[in-house]
Amino acid sequence: MTYPTALTALATATEAITHSDTPVRLVAAALAGIATIIILIAWKKLHPFLALTLGSAVLAVVAGIPLAQTFTPFIDGLGSTIGGVGLLIAFGAIIGRLLIDSGGADQIVDTILAHTAPARLPWAMALAAFLIGIPLFFEVGIVLLIPVVMIVARHSRQPLVLVGIPALAGLSALHGLVPPHPGPLIAIDAVGANLGLTLAFGLLVSVPTVIVSGPLAARLMVRWAPIPAPEPLGASEEEASARRPSFACAISVILLPVILMLARTVVETALPGDDGALTTVALFLGQPVVALLLTVLVTMAALGTRLGSSPQEVSERVGASLAPIAGILLIVGAGGGFKQTLVDSGIATVIASWIQQAAVPAIIAGWLVAVAVRLATGSATVATITAAGIMTPLAASMPATESTLLVLAIGAGSVFLSHVNDAGFWLVKEYFGMSVGQTFKTWSLMETILSVVALAVITVLALILGVL
């Protein structure tokens with residue numbers, strides 16, 4: 001597949017920023033910028049926001065952008081990314097906090113477990129993680145699920161890994177593949193993919209991916225880490241919220257934005273150009289900002305005031321949900337700035353041209369770039385940002401289905417082989433009480449299987465849809 005239109009359009013769009021025309025220098029600039037980020041994050045332990053900012057500056061200077069314009073593309077990219085993605089992350093954080101504080105997340109987990117035979121517990125934990133992982137950030141999901149995993153493993157007398165790895169697989173797949181998680185949103189924004197289509201395909205890819213990397217892989221991993229569940233710490237496990245929402249209510253809150261965004265995609269596909277009232281309403285409600293804002297309002301009522309919380313208490317919970325995501329928003333914004341610097345400096349055009357000449361399918365190339373950055377930095381977000389920025393030129397003329405699959409391929413690559421430079425590696429190690437070697441044989445292996453299986457499923461979809 002050739003992309004002359006995309007490359008020409010990108011060259012025209014970046015004329016306002018002066019930069020070097022020497023391909024070797026531009027590639028050296030990209031390597032210098034990425035190396036700066038890697039060194040600052042992995043070795044100097046600098047916050048990713050500052051590392052991305054400084055890496056963008058190094059990239060711009062080496063690429064020949066005038067000193068006075070060093071931060072011009074970075075600021076433009078930061079602003080557009082926060083404007084497009086920041087609201088969605090904030091709304092998702094509010095929904096997740098209310099779901100946790102109301103006991104709704106616990107209700108979903110408990111209901112699934114109550115109807116599950118002991119032999120099916122790994123599958124039940126994967127399902128529970130998959131469902132509650134849709135609106136929750138990965139770290140929040142871990143903190144929420146791990147105590148449940150320990151209790152389930154202890155009651156069923158099964159090894160912790162056998163129950164825990166499926167839950168981690170469910171959370172990780174959603175984190176890498178399904179909006180409104182930050183990674184997929186960044187990639188969608190960068191390559192101009194359709195959010196509703198990405199959501200639908202992301203869920204479709206996630207199902208077989210979680211099955212293979214979760215319950216099936218856990219049977220093998222448990223031989224290497226047969227760790228029993230520890231006694232729960234703190235309050236009694238029988239302690240529960242006096243007024244939990246029902247399972248139907250809690251699951252409806254999670255599925256509402258999914259249904260609204262998917263409905264918009266179906267209407268756009270089935271009724272192009274139709275301006276009827278129902279179509280207009282579906283297109284309006286299915287906009288990501290509208291769908292999530294509406295869900296926030298419904299959640300505040302269903303999981304707040306209807307359960308006896310005062311409006312002031314609900315407002316305080318909303319406020320409390322926003323403070324923890326300040327760092328996430330800054331990292332995402334800085335990532336958008338780094339991506340825009342890659343594009344405006346002409347580097348993305350050069351690399352995209354080389355990929356085109358090498359005849360490497362864009363989906364495979366996006367996965368490989370994300371894998372390389374993930375291994376170097378340990379950050380799924382930085383991997384997504386860098387890969388999406390490099391692949392932006394190739395995505396400009398892609399059909400909607402191919403750009404969607406490109407987003408998913410980048411997301412799959414971004415979770416490949418979590419190891420010692422990833423905070424998630426140490427988080428899982430400590431929670432599960434494993435050695436470094438056991439963590440590599442379980443968590444790291446699970447992430448690798450997840451990444452490879454997801455790419456395989458994406459490739460099959462691409463072949464079926466005729467875009468590969």
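The model is predicted, so local features need pLDDT of at least 70 and side-chain atom pairs count only at pLDDT 80 or more, while totals for chains, interfaces and linings use all residues. Residues are numbered from 1 along each chain as its sequence is written, and side-chain values use heavy atoms, with hydrogens and water left out. The protein is divided into domain 1 (23-72) and domain 2 (77-228 + 243-465), with bounds that come from an automatic or database domain assignment. The structure holds three cavities of 30 Å³ or more.

**Domains**

- The C-alpha centres of domain 1 and domain 2 lie 28 Å apart.
- Between the two domains, 21 residues of domain 1 are in contact with 19 residues of domain 2 (contact means heavy atoms within 4.5 Å).

**Largest cavity**

- A cavity is a set of points, on a 1 Å grid over the protein atoms alone, where a 1.4 Å probe fits but cannot get out; lining residues have an atom within 4 Å of a point.
- The largest cavity has a volume of about 60 Å³, where volume is the space filled by probe spheres set on the points, and grid points are joined across faces, edges and corners.
- Its lining consists of G92, I95, I134, P135, P180, V253, I254, P257, L292 and T295.
- Two or more lining residues of the largest cavity come from each of α4 (72-101), α11 (247-270) and α13 (288-302); helices here are DSSP runs (H or I, at least four residues), numbered from the N terminus.
- The largest share of this lining, three residues, is given by α11.
- By class, the lining of the largest cavity has eight nonpolar, two polar and no charged residues; Ala, Val, Leu, Ile, Met, Phe, Trp, Tyr, Cys and Pro count as nonpolar, Asp, Glu, Lys and Arg as charged, and the others, Gly among them, as polar.

**Second largest cavity**

- The second largest cavity has a volume of about 40 Å³.
- H175, G176, G183, P184, A380, T381, T384, G411 and S414 line the second largest cavity.
- The elements giving two or more residues to the lining of the second largest cavity are α8 (160-177), α9 (182-191) and α18.
- Of these, α18 gives the most, with three residues.
- The lining of the second largest cavity divides into two nonpolar, seven polar and no charged residues.

**Buried helices**

- Helix α5 (residues 104-114) is largely enclosed by the rest of the structure, because eight of its 11 residues are buried (buried means under 20% relative accessible area, exposed over 50%, partly exposed in between, with a 1.4 Å probe and protein chains only).
- The buried residues of α5 are G104, A105, Q107, I108, V109, T111, I112 and L113.
- Helix α16 (residues 347-357) also has eight of 11 residues buried, so α16 is largely enclosed by the rest of the structure.
- In α16, the buried residues are I347, A348, T349, V350, I351, A352, S353 and I355.

**Positive phi values**

- Most residues other than glycine have a negative phi, and most peptide bonds are trans.
- K45 is not a glycine, yet its phi is positive, near 60°.
- K45 is found in the loop between α2 (23-43) and α3 (48-62), and it counts as exposed at 63% relative accessibility.
- L417, also not a glycine, has a positive phi of about 40°.
- L417 is found in the loop between α19 (400-413) and α20 (423-432) and is partly exposed, with a relative accessible area of 29%.
- A359, which follows α16, has a positive phi near 60°.

- T392 is found in helix α18 (residues 380-395) and is buried, with a relative accessible area of 14%.
- Not counting residues up to four places away in sequence, T392 touches A190, K339 and V343.
- T459 is found in helix α21 (residues 436-465).
- Leaving aside neighbours within four places in sequence, T459 is in contact with I364 and L468.
- A polar atom of the T459 side chain lies 2.8 Å from the backbone oxygen of L455.
- T459 and P257 are 202 residues apart in sequence and 27 Å apart in space, C-alpha to C-alpha; P257 is one of the residues lining the largest cavity.

Notes. Polar contact = N/O pair within 3.5 Å; in protein donor to acceptor, adjacent residues only side chain to side chain. 1 Å grid on protein atoms, 1.4 Å probe; cavity = no way out; pocket = protein on both sides within 12 Å on 5 of 7 lines; lining within 4 Å.
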